[in-house]
Amino acid sequence: MDWQSSWLKEKQTMVHTVIAFLLAFVILLTGGSLSGGIANVVNTVVYFPFLKINNGLITLTTNSQTIDALNTKLAELTVRLQLYNETLEENKRLRALLGFVPPESFKIVPTEIIGVSGGGIPNTVLINLGAQDSVRVNQTVINQSGVAGRVAQVMDDYSVVYLLTEPRCRVAARVKTSREQGIIRYNMNRGMYLDNCPQQGEVTVGDTVITSGLGGIFPEGLVIGIIEQVDAPDKEFFYDITVKPAVNFNGLDELYILAWER
Amino acid sequence: MTRFIPYILYLYLIACFRTLLVEPLSIGNIQLYLTPLIVMLVALHKDHITALWFGFAAGIVYDAVDPAHMGVQIVILSAIGIITAQAKDRFNLESLKSLILLLSVGLIAFAIPHTLIYTTSGVSEFGRLFLQVTLPGVVYTAFIGWLFFMIKTGRISYKKFKELF
């Protein structure tokens, strides 16, 4: 028995090696259910926490990529929405213009602003139409809200327009309801006002001021603004009438020339 | 029973490496062969039978992710374990160079079948893959082994590192 035990001891490593390799080859050669079963046990016992963490990391990465993609999409859609809003506003302005009937023997010619000048508020703009487009000096310039100004100088391919905020641009006007006449002027201190309107006449706040057509430049009946304040100073012959312009000179976008049809 | 705890932790380290660390620790296509490195380090410090059965267990853990090839790595890692343990007794492994040489041979023995099994291109592309992926992987892992021995023998330490600056 002793020699057997000593032999086993010496050859212990050999026996273990043979057993281990036999087992390994059995696993390798049988495959199928045996390997699957072992793999299941090992995965459940050893791999489970790491697989859980790995799945969590994959989900986080996927979510992060989704968030990045959504942020890009959001930025793109925001820009697109802004463009749509701009188009919507333009659509509204054009629809408003469609309802505007130009005075007889005039036609509307759309034009683009290519330059603006003025101090606090624009008083002169450059437009992209000139003599070659049949633009002439003193033609009326409007937008969808009312009178904007008149053509002051005409070059070949562009023109200078004096807006109503330019002191040199005066308009013969009248109060729409009472038909009282006066002259629309503008200066930096007072803003727009209706000058030369006698105190005998009836003028009330909220009345619309329109062109009278008497100056020979602006056709009759175009809206200039709304009367904002009326003062009747003592010992003065004329009212002090402040007018709120119908046109927002700071927000000019499209302009239209009222061209004479010949 | 407590004497098994370190080996169980090594097996969990292998599982952690296979699932979470294999990509972060790879340099491009070059993989770290951590499993055979752990098996050889255990074999260099423990007896033959422990080395053999640890290699066997490491092979099971390694192959569990891919049951279709279950058995291949068990054979290879068991062989690496027992052969490393035998080599420890038969060769003089006192110098660092001989240890690294032994590690490199063991790593190549692991990496070649690993490359053949886990690359879809098969034998035809083996030469290219061996030079571009397997060999750099062996060098990378051997370098990690070298670092381990340098730290273990005290040739690299925090104190020495601090003295450099």
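Mentor: Happy to; what follows is a set of questions and answers on a predicted model.

Trainee: Which element gives the largest share of the side of chain A that touches chain B?

Mentor: Good place to start! The contact draws 22 residues from chain A and 22 residues from chain B. On the chain A side, the elements giving two or more residues are α2 (12-30) and α3 (32-98) of chain A. The largest share, 12 residues, belongs to α3(A).

Trainee: And how many charged residues does the side of chain A that touches chain B have?

Mentor: Let's sort that side by class. It has 13 nonpolar and nine polar residues. The count of charged residues there is none.

Trainee: Are α2(B) and α3(B) roughly parallel or antiparallel?

Mentor: Look at the angle between α2 (residues 34-45) and α3 (residues 48-63) of chain B: about 165 degrees, with the axes 9 Å apart. Angles over 145 degrees count as roughly antiparallel. Therefore α2(B) and α3(B) are roughly antiparallel.

Trainee: How many nonpolar residues does the contact of α2(B) with α3(B) have?

Mentor: From α2(B), the contributors include B:Ile38 and B:Val42, while B:Phe54 and B:Ala58 are among those from α3(B). By class, two residues of this contact are polar and no residues are charged. The nonpolar count is eight.

Trainee: Over in chain A, which residue is the bridge partner of A:Thr208 in β10(A)?

Mentor: Strand β9 (residues 208-211) pairs antiparallel with β6 (residues 171-175) over three bridges, and A:Arg174 stands opposite A:Ile210 there. Three bridges also join β9(A) to β10 (residues 223-231), again antiparallel. In β10(A), the partner of A:Thr208 is A:Ile226.

Definitions and conventions. Residues numbered from 1 in each chain as written. Chains lettered and ligands numbered in written order. Predicted model: local features only at pLDDT ≥ 70, side-chain atom pairs only at ≥ 80, totals over all residues. Contact = placed C-beta atoms within 7 Å. Helix = DSSP H or I, 4+ residues; strand = E, 2+ residues; numbered from the N terminus. Nonpolar A, V, L, I, M, F, W, Y, C, P; charged D, E, K, R; others polar. Axes fitted to C-alpha atoms, helices over the stretch in contact; angles between N-to-C directions. Parallel < 35°, antiparallel > 145°, perpendicular 65-115°, else oblique. Pairing = 2+ DSSP bridges.
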